[in-house]
Amino acid sequence: MEKEGTCHTLAVASAGGVASIADHTVAIIGPPNSGKSTLFNRLTGLRQKVANYPGVTVEQRRGKMQLTGMRHVELIDLPGVYSLQARSEDERVTRDVLMGNMPGTPRPKAIVLVLDSTNLGRHLMLAAPILALGIPTLVVLNMSDELGRRGGEIDTADIAKRMGAPVVLASAARGEGVEPVREFLMGTLAVPAPLELPVLNNPPACRAWAAQVSGRAYRPPAPPQWTKRLDAVFLHPLAGPLIFAAVVIAVFQTIFAGAVPMMDWVEAQVTASGKWLGVVLPAGVLRDLLVEGVWGGVGSVVVFLPQILLLFLFIGVLEDSGYLARAAVIADRTMAKVGLQGKSFIPLLSAYACAVPAILATRTIENKRDRMATILIAPFMTCSARLPVYTLVIAAFIPERPLMWPLGTRAAALLGLYLLGFLAAVITARLLKSSILKGERTPFVMEMPPYRWPTAQSLGLRLLDRSKVFLRRAGTVILAVAIGLWIMAHLPLAGGKAPEIGDSVAGTIGRTIEPVIEPLGFNWKIGIGLITSLAAREVIVGTLGTIYGIESEEDAGGLQQALRQDLTPGGAVALLVFFAFAMQCMSTVAVVRRETGGWSWPAIQFGYMTALAYGCALAANYLVTAWLGA
Amino acid sequence: MRGRNEESHPPPWMVRPPVLTERGHGKILKLMQLSGNNGDPRPPVTLCQLRRGQEAVVDGFDLPEEVARRLMELGFLPGSAVRAGRSAPGGDPRVFEVDGSEVALRRETAAGIRLRELRAGRTAG
C-alpha cells in the first residue's frame, strides 16, 4: 500500500481558468454526512432534476445555478464518498465523473468540495486525492454554525495557504456561505497559489497530510453534547428498543388517522370537479369517458397523495435527523438473525414508501449476496401503493373503535398487514440466505452522524419530488389503464349501445379468470382489478371505481358500500393478504431486472410472490369464513 | 497542544488525535485483566474486548484488506485513539468514538482490530 504513495507533481489549472467555467459543469463532492446535498439544494433550489447515470443505478442529481444575468453553471451532486478508491458503485461513478470517463457527463470544470468543519481532521483526508485531480477546487467547510456553538475555531486563510486551494466557511443549513461559492465560480474569489501535492492513495498518508494542513489553524470543537444526551436515550438498552417501537407505531397511526382530513378534502375536490364536468360537458361518449373513466379511475388514486406524502415526510425526518442510523444499529442483531445486516434496514424501511428507491438504495450494501437478498425481499415491505388498497378494504370492513390507546381498530389492522409483509420478508430472507445466497457474514461498518435538525428545504424538495413521481404515474400508467379499461368495459357495442359490464370485453376477461380466483372469495370484478393492478397496485382502486361507477350511479363514497355488498369478510381478508404478498408492480419488476442484470431473478421473484399470495389468500378466506360461520 | 508528538517526529502514519495522549487521567491496565487468564501466550487484545468508556490505541488489523481500508478511511488508523461507546441491546453492534466520529461495528469486525496501550477512560457517562 505504501508503494502507491509515490509523489508526482501536479499541474493545477491557473486561477484564471475558473472564470471560463460559466455554462459548464461543476461537481459537488464530499464525504457522507458533510451536508453536501443541503448545499446543493441551496445553490440550485427548484431547478434540479433527479435521474440515473446510464448503465448504473447510482442516482444523478443535477441542477442549474445562476451566477449573474444569463450565466449559469450546471451543478452535479455526486454520491458521498470517503475516498476515490473505486470499490463500490458510488465511488466508481464519482471517480469516473471526475476523470471525465462517464458517458454523457462532461468532465467537471471545477469542484466544490464540501467537508464537515466539526470533523475536519478526518474529512480533510478526502481533500488530498481531490486536489490532486488538478481541477480548480473550492473547499467549503460546512456546518460552521455547529462548529461555533461547540467552541471550535478555524483559520480558513491559514488552511487555504497550506492546502493551495481557496477555503470558505459555510452553513448550508442556514444558507450562509453561499455567496463565496458563487464568487469562486465567477472567478472573482481570491485563490491562493496552488501547491505541489503528493498523490495520496493510502489512508494513513492522507490522514497525516490532513493533520499537517489543519495544524494549528484548527481547534476541534467539543464533542456534540446533544448527540451524547440523545444517544443515552435512543441507544439505552431498555428505552432504545421501546422508542424504536413507539416511533414505528406513531408513524402508522399518524399516516392513517392524521391524513384523513387532507384526504377528505382531496376527495371532495375530485368529486366536485367530476360533477362539474358532468354538468358542463355535453352528454356523449367523451363525457362518459372523462367522468367515469378518468375521474373515476385516476381520481380515486390521487386521493391517496396526502397519505403517501406524510409517509415520505416521516422517513425524511428520521433519515435527516440521524435517527435512522441508530435504528439500523438497534435492528442489526435482528437482521443478522435472518442473515441480513443493519444496512439492509434502511433500504427496507424506504421500501415502506416504495420498493423502487429501496432497491436503488441497496447499492450501499457492499456485499453482493446481502444486496441480492435485500432486493428480493424489498417488495414484501408494505409500500405506499398498497395503502390505497388497504385503506379502502379496511374502511369498508372494519368499524373504527378505540382498541388500545393510541391505536384504533383500523390502525391496528393496518399495522397487522405491515407486520405480515415484514414476516414474509424475514422468512424469505432466511430461506434465501440458507440456500442459494449462502455466504459468510459481512462486516457492518456504519458511521453515526450527529443528530441534526432536518432542514425544511431538503424535506420540501423531497416531498415535491415524490409528488411529481406519484402524479406522473397517475397521469400516465394509471390514466392509460383507466382509459383502456373504460373502453374495454364499453365494448362490444350491442345495437349502438354499451353492453352490461358483465357482457363487455372486460367482464368476459374477468369471468374467464373467475374460476381461478373464486376459491379466494373474489368475484370477476375483483378479477379485473387483479389484472389491471399488475401495472401498479393502486390501480385496482381506480379499476373498481370505474367498474362500480359504470354499474351503478352511486357517488364516489359508494365504493366502500359496493365492496361490502360484493365481498364476504373472508374475501376481504383474502384480498388484503393477496396484496400484502403479490408483486403487483411493473416498475419494481423493471428495476429488479436492471439491478440483477437479467430476467431470471425478477421472474423467480414474481412467481414466488404470486404463489405465496395465492396460497395465503386461499388459507385466509377459508379460515375467516370458517371462524365467522362457526 | 500536540507538542509532544511533534518534537519526537513520529512516522507520518502515526497520527495521534489529541484525545488520548495528552490527558493525564488515562491509566494503563494490565492486559491480563482483560484476557481473563494468566496462561501464555495471551491472545492479542482486540477492540471487541473494550468495555464501554474504555480507551485504547489502534495497533493493526486482522481483517481483509478491503475492510481494513474502509475502517482506516473512517478513522481507525494505526496510532489513533479509540473509545468504546454505547451499543445496541445485547452489546452488539457497538458504537466506537474514533478521530472525531462515531462508528458502529459488529463484534466480529471489532475482533479484527488489534489494540495497544489500553487505558481506562473517563467513567462512562
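Colleague: In which strand of chain B is Phe61(B) found?

Modeller: Phe61(B) is in strand β2, residues 55–61 of chain B. The model is a predicted one.

Colleague: Why is Phe61(B) called buried?

Modeller: The relative accessible area of Phe61(B) is 17%. Buried means under 20%, so Phe61(B) qualifies with its 17%.

Colleague: What makes up the surroundings of Phe61(B), leaving aside its neighbours within four places in sequence?

Modeller: Contact requires heavy atoms within 4.5 Å. With neighbours up to four places away left out, Phe61(B) is in contact with Ala68(B), Leu71(B), Met72(B), Phe76(B), Pro78(B), Gly112(B), Ile113(B) and Arg114(B). Ala111(B) is 50 residues from Phe61(B) along the chain, and their C-alpha atoms are separated by 9.1 Å.

Colleague: Why is helix α4 of chain B described as largely enclosed?

Modeller: The helix covers residues 65–73, and seven of its nine residues are buried, so the rest of the structure largely encloses it. The buried ones are Val67(B), Ala68(B), Arg69(B), Arg70(B), Leu71(B), Met72(B) and Glu73(B). Ala68(B), Leu71(B) and Met72(B) are among the contacts of Phe61(B). After α4(B) comes Gly75(B), which has a positive phi near 115°.

Colleague: Which residues line the second largest cavity?

Modeller: Glu73(B) does, together with Pro31(A), Tyr82(A), Arg122(A), His123(A), Met125(A) and Leu126(A). The volume of this cavity is about 50 Å³. The search of the whole structure had a cut-off of 30 Å³ or more and found three cavities.

Colleague: How do you divide the lining of that second largest cavity by class?

Modeller: Four residues are nonpolar, one is polar and two are charged. Arg and Glu count as charged, so the lining residues Arg122(A) and Glu73(B) fall in that class.

Colleague: What makes the peptide bond between Asp92(B) and Pro93(B) stand out?

Modeller: The bond is cis, with omega at about -5°. Pro93(B) sits in the loop between β3 (81–87) and β4 (94–98) of chain B.

Colleague: How many helices and strands does chain B have?

Modeller: Chain B has five helices and six strands, in the sequence order α-α-β-α-β-α-β-β-β-α-β. Of its 125 residues, 53% count as buried.

Colleague: Why does Thr374(A) count as buried?

Modeller: Its relative accessibility is 0%, and the limit is under 20%, so Thr374(A) counts as buried. Thr374(A) belongs to helix α17, residues 368–377 of chain A. Residues up to four places away aside, Thr374(A) touches Leu340(A), Ser344(A), Pro347(A), Leu348(A), Thr362(A) and Ile365(A).

Colleague: Why are the buried residues of α7(A) said to line one face of the helix?

Modeller: In α7, residues 178–186 of chain A, the buried residues are Val178(A), Val181(A), Phe184(A) and Leu185(A). Viewed down the helix axis they fall within an arc of 120°, so they line one face. An α-helix has 3.6 residues a turn, so residues three or four places apart point the same way. Just after α7(A), Gly187(A) has a positive phi of about 85°.

Colleague: Which residues have the most contacts inside the largest nonpolar core?

Modeller: Phe522(A), Leu530(A) and Phe578(A) do, in a core of 99 residues. Phe578(A) touches both Phe522(A) and Leu530(A), and its other contacts beyond four places in sequence are Leu520(A), Gln584(A), Ala613(A), Tyr614(A) and Ala617(A).

Terms used. Residues are numbered from 1 along each chain as its sequence is written. Chains are lettered from A and ligands numbered from 1 in the order in which they are written. This is a predicted model: local features need pLDDT of at least 70, side-chain atom pairs count only at pLDDT 80 or more; totals for chains, interfaces and linings use all residues. Side-chain values use heavy atoms; hydrogens and water are left out. Buried means under 20% relative accessible area, exposed over 50%, partly exposed in between (1.4 Å probe, protein chains only). Helices (H or I, at least four residues) and strands (E, at least two) are DSSP runs, numbered from the N terminus. The arc is that of the directions from the helix axis to the C-beta atoms. A nonpolar core is a set of buried Ala, Val, Leu, Ile, Met, Phe, Trp, Tyr and Cys residues joined through side-chain atoms within 4.5 Å. On a 1 Å grid over the protein atoms alone, a cavity is a set of points where a 1.4 Å probe fits but cannot get out, and a pocket is an open set with protein on both sides within 12 Å along at least five of seven lines; lining residues have an atom within 4 Å of a point. Grid points are joined across faces, edges and corners, and a volume is the space filled by probe spheres set on the points.
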